[in-house]
Amino acid sequence: MSSNSFAYNEQSGGGEATELGQEATSTISPSGAFGLFSSDMKKNEDLKQMLESNKDSAKLDAMKRIVGMIAKGKNASELFPAVVKNVASKNIEIKKLVYVYLVRYAEEQQDLALLSISTFQRALKDPNQLIRASALRVLSSIRVPIIVPIMMLAIKEASADLSPYVRKNAAHAIQKLYSLDPEQKEMLIEIIEKLLKDKSTLVAGSVVMAFEEVCPDRIDLIHKNYRKLCNLLVDVEEWGQVVIIHMLTRYARTQFVSPWREVDSLPAEPQGKPKNTGMGSLSLLQRIFPIYISSRNYVSFLGDVLEDNEKDFYDSDEEQKEKADKRKRPYAMDPDHRLLIRNTKPLLQSRNAAVVMAVAQLYWHIAPKSEAGIISKSLVRLLRSSREVQYIVLQNIATMSIQRKGMFEPYLKSFYVRSTDPTMIKILKLEILTNLANEANISTLLREFQTYVKSQDKQFAAATIQTIGRCATSITEVSDTCLNGLVCLLSNRDEIVVAESVVVIKKLLQMQPMQHGEIIKHMAKLLDSITVPVARASILWLIGENCERVPKIAPDVLRKTAKSFTSEDDLVKLQILNLGAKLYLTNSKQTKLLTQYILNLGKYDQNYDIRDRTRFIRQLIVPNEKSGALSKYAKKIFLAQKPAPLLESPFKDRDHFQLGTLSHTLNTKATGYLELSNWPEVAPDPSVRNVEVIELAKEWTPAGKAKKENPDKKFYSESEEEEDSSESSSDSESESGSESGEDGEDEEDDHSGDSAEDSGESGSEPEAGKGRAATRSRARGRGDSKDVDKEKENSKTSESSSGESSSIEESSSDSESESESESESESRKVTKEKKKKTKQERNPLTKDVSLLDLDDFNLVSTPVALPTPALSPSLIADLEGLNLSATSSVISVSTPVFVPGKTHVLLHRMSGKGLAAHYFFPRQPCIFGDKMVSVQITLNNTTDQKIENIHVGGKKLPMGMQMHVFNPIESLEPAGSITVSMGIDFCDSTQTASFQLCTKDDCFSVNIQPPVGELLLPVAMSEKDFKKEQGMLSGMNETSTMIIAAPQNFASSVILQKIVNVANVGVVPSGQDNIHRFAAKTVHSGSLMLVTVELKEGSTAQLIINTEKTVIGSVLLRELKPVLSQG
Amino acid sequence: MEEVTAATQRKMIHSLFLINCSGDIFLEKHWKSVVSQSVCDYFFEAQEKAADVENVPPVISTPHHYLISIYRDKLFFVSVIQTEVPPLFVIEFLHRVADTFQDYFGECSEAAIKDNVVIVYELLEEMLDNGFPLATESNILKELIKPPTILRSVVNSITGSSNVGDTLPTGQLSNIPWRRAGVKYTNNEAYFDVVEEIDAIIDKSGSTVFAEIQGVIDACIKLSGMPDLSLSFMNPRLLDDVSFHPCIRFKRWESERVLSFIPPDGNFRLISYRVSSQNLVAIPVYVKHSISFKENSSCGRFDITIGPKQNMGKTIEGITVTVHMPKVVLNMNLTPTQGSYTFDPVTKVLTWDVGKITPQKLPSLKGLVNLQSGAPKPEENPSLNIQFKIQQLAISGLKVNRLDMYGEKYKPFKGVKYVTKAGKFQDNQYQLGS
């Protein structure tokens, strides 16, 4: 750094002695260049002198100082005459700086600027392409209307220049001229048309940019260049790629039919058959030449023709058939459509985030839905970049994930929030997590959320609470759990958290008009402590709305708020008025006076809104002679059923803006945004894209024959400059290598048309699919260690005592009513729970723990060994952490260390008449019951017809076993697949669960036999606890065996990998290198299962299993032994 | 499609302002008509609203313009946009500008930019024409505009020659725009650094919530002529998701899993990759941690111990632990058994520079935490961010098999180096004492 400044000063110090002093100052001061910025009249004088000197070094120095002034935003316009003289300087650096100056000030000093024009005109003829190009650049940047004709001429000439670099600059100049004088549009379009045909990758991006600016509507100019652009795309520089991809996306949406039709059954698509009128098309009228096709496009053209014939044939056949049948006609993608999708795919690998995003949006908008999945991985990769890139990418993912959850589900964990993320990133990630939440992963997510709620970043914590609210509404299985968690948060120490919870609970309660009297009562109590206006207002509204459900509390609340009315926030005042009005209508005996008092207060309030509301309410509810017919309906008006608010994502429907655009980011239409059109119902004539060789030959005569043969060489795209066949040896060598591969592939693709393309892709795709499936499975499994704590109860009691203490303050009548309603609610709730449970499991209510017991905050805490009554205790435990008692316990379920992606066949497609089913153990706590093992079943329809009503029929379960089946699937589209989850309580045995998988027409008997390792849940415990537990499980409860294997198998990572692969166990941190310990509990009975691998000398090891469940213990031992001893 | 009537002024990037942390606009460049500095007021407004610099939205909409900004090295690069443009396009470009400054001046700081304002201006002029990127490859730029060096300035001042090249850079016209022609070295060398970072989140129980390996291969190639290199791996299947420097032949990778390329001259990033998440990620360190606060007291105890875990027999070094303590913490009085620590009472950041771990004695940091009296004790303990480095190890197990050179006759000197680092490594391993 200092060396730089030194260097700079040295260099300029070589000039006149006059400025030596100034340079010296800049050497001394650390921000030396500041000297340059001080604009002073006197200094300007000496700048003029320097510019007029005949030493280049002095001129250069002066120019540098002037540029410094411009950079600082200082006015240097008065130097114009002195500077412009130097435009013809021989010194290229001076020249460049003069150009910089000219471009900046020419607009202001038009007359003087004209002096420089002749210099540029001369430079435009310079043999050096660099000089030609830069002259054009500056000439076109001088915004002086008078030179428009000169610019036009220059651009025309440059567009035919031999150097692609100059042509590139010409393309840029087009835009400049257009913005200076839109009148020139027609002429400019001609030039664009010419440049679009240019084969240089250097020009392509710039000319498309010019096209987008000048005539984005002239889609017809693209037709002939479409295939060329697709083929060149990989080699265009990255910025050009972005522009071209965006343009081609728009193009594709106007030229091809929707590839989504089979999925979309929109009524808006009555889809006339894409009848190919062939020669009748209007664009074809333009070209009545005999059509010769370049070798490259010949085949695809043939393909088109064949396809057309086929279609026509088919169509004529169809003529008589019912319209409904047309839907079944297989959709054949236009080969050009396919070409675009295929050629952009490699660009997902680009290092440039903008290119990756451009391809992603292309896939999103024009690829078949089944193929869009490949973009997820690349987008997730971008999340490693700078925060700005993350911000944009996350926004786009948020939009995508609403519509197609499946795309990002495998990457769920990549969206986990880090404490170091900026808040805006955190909130976007949260948004995506919410969008991805489903029945299967919600338990994992809720655990993650519980960490977030405790974040020090309160804005983020508040957003998390809203998210929990949204999950509660979208996933009905967990809505009670979420509500409970939120209620727990009401006792949080942080007011923002409490306030947000109140607001969200209000919305939730409004959505589920169930009996939630207890929660309302609890919230009424909170009114004493909470100060955040929105929260207070929400509570009051809620009480008013449910005043008949809490008949004793509501008047009391009104009494209290009447007291504090004058000091409340306006928002709260309005709600107090509302509450008063509602109570007056329902319970006027008790509240008449109170309400009148409040109305009187409101009448004289400072805020006119409140005065208005008061007046309005008084007229409406208090009967007097003037009150009209309306007051009869007052009750209906105030206590009408209010529609529940929709908790929606702010990213919903945002994809009507093209993804990746500024408009999408801002969610408003930005200036100059080009609408993405809807797919045409009938594809325009595809033959317009055919390129005629005549024209090519004219253009490419100098290129010679070789060029025509393979005009699609991509890696080394030809530029005219190098046409003199004497390419450097190394070049041609490598070229031939890379080309042969490419050409081969291209040919193959072309010959076999669509099918070959598919097979070409299939090489990588199934693999990617597999990877995805596996990562998904991993992503799903995450538990947390804090299911069960005994200490938690302690802390809860302390909390409940505080809750009680607050109630002591309440009036005696109040507390009385409370105890009464408490018991009432208890019984109500019990019956409710029973109803739910009959379906799932009949656990005895050993402990009277209630989900909604607010008075002592006793959420269900589940000691491992005890059977629990709740619907899904593991889930409740998920949110338990929201309660502030984060304490550890000896035995707690932790996350699976590893989830093997292995799937088992449930039903082979041959025996299932086309219905195939696989199952898989996701190793996560089951949401249907804590004794159940979760099983995920993936159903595939391999037939070409819908399979309807897939459900589980008769079950044949051994004694004691339970099964929670998935909801019947209405229909499964051909080639569709769906994943459902089930819960099976195997009673800690490896007995088979047999049941029937039925469709509308058939029933198939299937079996699930669990590997013993899947009957376990991992447990996190310390080494000490492990040893203690192990000590208690000695003797009969211990089984052991010796293992002999090669030493490399005993590397700790290898052992770990092998064991967690077989069994769902948790790793116990070990102090000794030679002993590995693993702990788990059985799912059904919760018995501990302790696995120890002790490495002995030589290549032996001892495997010990301690458990009460000796049977599974020994089965597990038998399974682990061969695994560990294998190489 | 509708006819676009008026001449919309589609400039990708209209103007650029560089703003330092104290809100001074110290450089401006316009590619079209001049936009007044006052447009930055909208930016300052947004900056004020955001709690910290990290939270200034990258895209801001103003009545007549859109502002897209990046924050790099304590500077804001604020670009003025007039019409629809992919925001990532601008963001990526601005980062490229900052990279170029970094490359030219060794740092991208206010002082460096001010000292080299003329070169900065010349660079911006070459990088963007009419708001559209023109030359962004550092190899080409360096031919157009020579980076400042002491020697060259001395020579220039004597001979009167300049910093600006007067011939068209060869790269711009050849098929390989990233390489200049006629490169000559006396010692021909090619070095590759395989750098892997572990991103992980570890939860309270010490189990890994999320772990992933992100890697890059940075190359330093000083080879004469036009060498054609191919680099192959022992286990290329490990690379799950790869992004390439434009020089890499995508097809060769697809078909043979070999990186085949004509390299740029000098330093560049060859690929970056992610290791497929099916593989179990070994976590090389563990942290035992406890922070406890006494109820109704203004102090608490703090205790961290670090130990090695699955380190493949290599030494873990350069360990740093950073903790963002809760706001109520006033000061910390700690004793490290090793290394040194600092606590900044303003930002509440505790940094413990541990150094190496020796398995004989595990480093720990213990002591007292002073809390603001009267304030409620922190409800959640902070998470730890851990940095470390392991030399000579790529934690994913990735191994370079061989490097072959074609197209040139000489024998180059080749070298590969492996490093593993902690990336975003976050440990939430805290229990709250009661």
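Trainee: Where is Asn667(A) placed?

Mentor: Asn667(A) sits in the loop between α35 (662–666) and α36 (693–700) of chain A; helices (H or I, at least four residues) and strands (E, at least two) are DSSP runs numbered from the N terminus. The model is predicted: local features need pLDDT of at least 70, side-chain atom pairs count only at pLDDT 80 or more, and totals for chains, interfaces and linings use all residues. Residues are numbered from 1 along each chain as its sequence is written, chains are lettered from A and ligands numbered from 1 in the order in which they are written, and side-chain values use heavy atoms, with hydrogens and water left out.

Trainee: Why does Asn667(A) count as partly exposed?

Mentor: Buried means under 20% relative accessible area, exposed over 50%, and partly exposed in between (1.4 Å probe, protein chains only). Asn667(A) has 30% relative accessibility and therefore counts as partly exposed. Its phi is near 60°, a positive value in a residue other than glycine.

Trainee: What makes Gln392(B) partly exposed?

Mentor: Gln392(B) has 45% relative accessibility, so it counts as partly exposed. Gln392(B) lies in the loop between β21 (384–391) and β22 (400–406) of chain B, and its phi is positive, about 60°, although it is not a glycine.

Trainee: Why is Leu630(A) called exposed?

Mentor: Leu630(A) is called exposed because its relative accessible area is 53%. Leu630(A) belongs to the loop between α33 (608–621) and α34 (634–638) of chain A.

Trainee: Which residues make the nonpolar surface patch of about 300 Å²?

Mentor: Leu630(A), Tyr633(A) and Ile637(A) make this patch. Patches are made of residues with over 30% relative accessible area and no salt bridge, with like charges joined within 9 Å and nonpolar side chains (Val, Leu, Ile, Met, Phe, Trp, Tyr) within 5 Å. A salt bridge is a side-chain nitrogen of Lys or Arg within 4 Å of a carboxyl oxygen of Asp or Glu.

Trainee: How do you know that helix α26 of chain A is mostly covered?

Mentor: In α26 (residues 479–489) of chain A, 11 of its 11 residues are buried. Among them are Asp480(A), Asn484(A) and Leu486(A).

Definitions and conventions:
Areas by Shrake-Rupley, 256 points an atom, 1.4 Å probe, with all protein chains shown as cover.
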